[in-house]
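Please examine the model before reading on.

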Amino acid sequence: MWALRRAGNPLRVSALQVASVRGCASLEVLLSADTKTTEEHCGQRCQKSCCCRQPKPSACLSSFSSGWSMWGRSFSSQAGANSGDKDDDLEDGFSDLEVPPEADKKEVELTSEESSGEDAVDEIDSLGVDADAKPEKETVKRASQSPLLKVLLEAPRNDVAASLKKWVDGGNTFDRSDVFYVILHLRKRRFFAKALQLLEWLEESKQIDLVERDYASRLDLMAKVNGVYRAEKYIDNIPASHRGEIVYRTLLANCVAEVNVKKAEEVFNKMKDLGFPVTVFAINQLLLLYKRVDKKKISDVLAMMEKENVKPSLFTYKLLVDTKGASRDFEGMEKVVESMQAEGVEPDILLQATLAKHYIFGGHREKAEPILELMEGDDIKANRNACQVVLPLYGFLGKKDDVERIWQVCEANPRLDECLSAIDAFGRLGDVEKAEKVFEDMFVKWKTLSSKFYNALIRVYANQNLLDKGKELLKRMDENGVKIGVSTLDYLVKLYVDAGEVDKAESVLYKLSQKNRMKPQYSSYLMLLDSYSKKGDVHNSEKVFNKLRQMGYSGRIRQYQLLLHAYLHAKAPAYGFRERMKADNIFPNSVMATLLAATDPFNQKKTISDMLD
C-alpha cells in the first residue's frame, strides 16, 4: 500500500486543490519560522536532538509487523536530526485538537496552537448537525444573528446558567442546530468556559437529548478549561450507551495537545482494550505526539498502521512530509509525496506550502519556486484563495516584487487572513512601514481585531529588534481590551532578550503569566535559558530549568543541553548531572555525552578550559 517507488514529478497535480477557508486560516504558524535562524542553522550541522526521552514501551507499541522496513529505518536514522533553534515552533505548527464531526471523511488541518482556537474551529461539537452542511460564511452569519449567542456573550463569565434560565423563563426554546452554531462561534472566539457552561446546563436541565458527540464536546471543553485529568473523570458520568470511540479519541487528542505522553499512551491502550478499532484519527494523534517528542517512534506507529490495515489520510501524509522536511531529509520527503500520489491522494495547497517552506529553509530555492508557480495557477486573480498562502513564502524568498504583485490582487478588498499573510511577508522583507500600513488599514474595515493580528505585527517587531514599537503595541492591546495570550508573551520575551534585557524578559514573563493566568510556551522559557546559558549564569539557568519542570516541560533534551552549556561557560563542574538525567528518564545523545564529559569534574582526559578553547 505504501510502496515508496519513484515517480516522474512528485508535485505534478491534475488540478490545483485550494484549501478551504477553515484550512487556510491556519497558515500563520505553518509559515512562521525564522528564516535567518534557519539559514544560519543550515550552515552548521545542528546536533540538537528533538528528544531522547525513552519511556518504557507501551502496550500500543509492543508488537509490530516487519513491513515498511524502509520507513522504519528512514525515520529512525533521522530522529536525531533537526531544523534548528526554531524546531519547537515548527513542531507546534499543527493544531492541538481539531476533531471533525465526520473524522473518517475529513481530516484535521495544519494549524497553529494559537489559531486553532481563533480561526480553525473545533468541530467536535456537532450536536447532531454535520458541520460541513453549511458554508463557513453562512455558519458565521447564522451564529452572529442568534439571540441565544447574544445572551451568552452578555452573560457573566462564571454565571451562564442564570442567563440561560432567564432565557427559558422568557418562553424561549432551544433548537439543536442553533445550539451547534452558537457553540461553534464561542469556540471560534475562544470562549471555551461559556461554551462548557452551556453544555453543562443543557445536560442538567435536559433541554436537549444529548448524543455521543455532545458528551464528547463537553469532555473536550472540560479538557481545555480544567485539564485532561478532570475530563477523564467525567467519562464515568457519561451514560454507557454514549461512551464510545468518539469520546475516547477526544480525550486522546487533548492528551496529545498537552504533550502528555504517558496519559496519551494510556488512553490509546484503553481504546484498544475496549475493543475500539484503530482509526486513522488515533494514528494521526500518535504521529503528532511522537513528531514532537520522540521521532524514533514514528516508524513503530507506521508499522502498527500496516498491521491494523489503516489507510493513511491526507493529514497523515502532511505529518510525515513535515517530519521529513524538519529533519532535512528531502529525498525522504519526496518519497512520501510519491507514495501519497501512488495511492491516489493529491497534495492540497497546505501540503504544497509545507514542501516549499522546507525547500526554502534547506537552501533549495530552485525546487521551491516551481511549487509556488503551481500554487498560483494560471491566474492568481481567479485563484484568490492561494494569495494568503504564497505571500509569506515569497517573503521568505526575499522576492519583494512578487509580494507586492500578490498583495495588489488583495489590497482593494482584502480578507483578514490575506492581511495577516501580508504583514508577515512585508515583515520578512524588512519593510516594517508597509507591514504597519496593512495593520492600520485593517481597522478601517473591521474596527476591532483579535490578538492574532496584533501578534503578527509584534512578531515583525521582534524579528527586527524593535523593542520600543513592541511595547507601544502591547500598551495599545491593553487599552483596546485585547487579551494578551501566550503567543504575545512569547514575542515580548524575544523582544527583551534580543535587546539584551534578559532579566526584564523574565520579569515580564512571570508577571503577565500570573496576571492573565496562563501557562507560557516552552519556547519562552527556552529563550531565557539560552541567554543565561551563554553568559555562564548557572544560578539563573537552574532557576529557569526548574521552572520548566514545574510547568510540566520536562520531556525534551534541549533544556538539559542548555543547562549543561551554562556550567561549561561558567567553567564549573556539573556534579551528578548524569544521574539527574537518568532520574528524568532522559538519555544522552552524542552532543550531550560530549558536554557531560566536558563538565565532569572526574574526567581527566580534557579540561573544561580545553573544551572552551
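The model is predicted: local features need pLDDT of at least 70, side-chain atom pairs count only at pLDDT 80 or more, and totals for chains, interfaces and linings use all residues. Residues are numbered from 1 along each chain as its sequence is written, and side-chain values use heavy atoms, with hydrogens and water left out.

**Salt bridges**

A salt bridge is a side-chain nitrogen of Lys or Arg within 4 Å of a carboxyl oxygen of Asp or Glu. By this rule the model has 32 salt bridges. Helices are DSSP runs (H or I, at least four residues), numbered from the N terminus.

| Salt bridge | N to O distance |
|---|---|
| K165 and D169 | 3.2 Å |
| R365 and E369 | 3.9 Å |
| D424 and R428 | 3.5 Å |

K165 and D169 are four residues apart in helix α9 (residues 160-169), which means that about one helical turn separates them. R365 and E369 have a spacing of four residues in helix α21 (residues 365-376), about one turn. In helix α24 (residues 416-428), D424 and R428 are likewise four residues apart, about one turn of the helix. An α-helix has 3.6 residues a turn, so residues three or four places apart point the same way.

Are these residues buried or exposed? A residue is buried under 20% relative accessible area, exposed over 50% and partly exposed in between (1.4 Å probe, protein chains only). D169 is exposed at 56%. R365 is partly exposed at 37%, and E369 is partly exposed at 27%. D424 is buried at 6%, and R428 is buried at 18%.

Salt bridges also link R187, D220 and K224 in a network.

**Helix α16**

Helix α16 (residues 280-293) has 14 residues, and 14 of its 14 residues are buried. The expected span of a helix is 1.5 Å times one less than its number of residues. For α16 this gives 20 Å, which agrees with the 20 Å between its end C-alpha atoms.

**Helices α12 and α14**

Helix α12 (residues 212-226) packs against helix α14 (residues 245-257) at an angle of about 15 degrees, with the axes 8 Å apart. The contact (heavy atoms within 4.5 Å) includes D220 and K224 of α12 and R249 and N254 of α14. Angles under 35 degrees count as roughly parallel, and α12 and α14 are therefore roughly parallel to each other.

Conventions
Helices (H or I, at least four residues) and strands (E, at least two) are DSSP runs, numbered from the N terminus. Axes are lines fitted to C-alpha atoms, for helices over the stretch in contact, and angles run from 0 to 180 degrees between N-to-C directions. Angles under 35 degrees count as roughly parallel, over 145 as roughly antiparallel, 65 to 115 as roughly perpendicular and the rest as oblique.
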